[in-house]
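Biologist: I am new to this model and would be grateful for a close look at its salt bridges. Please begin with the terms that I shall need.

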Amino acid sequence: MPSRLIIREIAETFVVVMLVFLALQITVRTYQVEGSSMAPTMDHTDYVLVNKIVYTKFQKNVLSNFLPFVDMASKEVMFPFHTPQRGEIVIFKYPQDETREFVKRVVGVPGDLVEIKKGYVYVNSERITEEYVSYRDNGSTRKYKVGSYSYFVLGDNRISSNDSRDWGVVPAENIVGKPWFTLWSSRNNENG
């Protein structure tokens, strides 16, 4: 009889551990920053914990398989919790090579008109305040109209950033998550 209780305890513990493991796999993950494009906000080799659930999304054409009243041909992306907002940092699949992931800051959301003049960003013809920018280049760009389900992203270190100025907007379906907090930073290691 006691061996049956031990087996039951082991089985229950295993189920709980598996449920916690699955919950963590669905909701969070780690990401290592590569390069200096987000300095000083994030440094090269920093490890951050990424909240994947905040930008959970569904494409309507996929939902139509389960919900017959949803328009099947729609490419619309729905964010049930909240969409990426201007000023937020996001992890996303690089649009030109989805096997790679980048981290950048959202400066333009769907419907925005983004332009850079002498290093300053203008959204809908108004200059935005960017206290997080460490190194501003003096470049200017053409005007970018941010389409539906797309985001215009820039690195905080503009001199050293490969971003929407180079390859365009990030489609909503490429958004992976939002950095939650830094697990390990090379900056802390240097001071210790």
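Modeller: A residue is called buried under 20% relative accessible area, exposed over 50%, and partly exposed in between (1.4 Å probe, protein chains only). By that scale, 39% of the 192 residues in the chain are buried. The model is predicted, so local features need pLDDT of at least 70 and side-chain atom pairs count only at pLDDT 80 or more, while totals for chains, interfaces and linings use all residues. Residues are numbered from 1 along each chain as its sequence is written, and side-chain values use heavy atoms, without hydrogens and water.

Four helices and 13 strands are found in the chain (DSSP runs numbered from the N terminus: helices are H or I, at least four residues; strands are E, at least two). Of the contacts (heavy atoms within 4.5 Å) in the chain with a separation of 6 or more, 58% are between residues 24 or more positions apart.

A salt bridge is a side-chain nitrogen of Lys or Arg within 4 Å of a carboxyl oxygen of Asp or Glu. Nine salt bridges are counted by this rule.

Arg 8 and Glu 12 form a salt bridge in which the closest N and O atoms are 3.0 Å apart. Because the two residues are four positions apart in helix α1, about one helical turn separates Arg 8 from Glu 12. Arg 8 is exposed, since its relative accessible area is 53%.

Another pair joins two strands. Glu 101 forms a salt bridge with Arg 29, and the closest N and O atoms of the two are 2.8 Å apart. This pair links distant parts of the chain, as Glu 101 stands in strand β6 and Arg 29 in strand β1, 72 residues away. Glu 101 has a relative accessibility of 23%, so this residue is partly exposed. Arg 29 is partly exposed because its relative accessible area is 26%.

What is the accessibility of Asp 163, buried or exposed? At 0% relative accessibility, Asp 163 is classed as buried. The salt-bridge partner of Asp 163 is Arg 165, with 2.8 Å between the closest N and O atoms. Arg 165 has a relative accessible area of 18% and is therefore buried.

Arg 8 and Glu 12 lie in helix α1, Glu 101 and Arg 29 bring together strands β6 and β1, and Asp 163 pairs with Arg 165, both of them buried.
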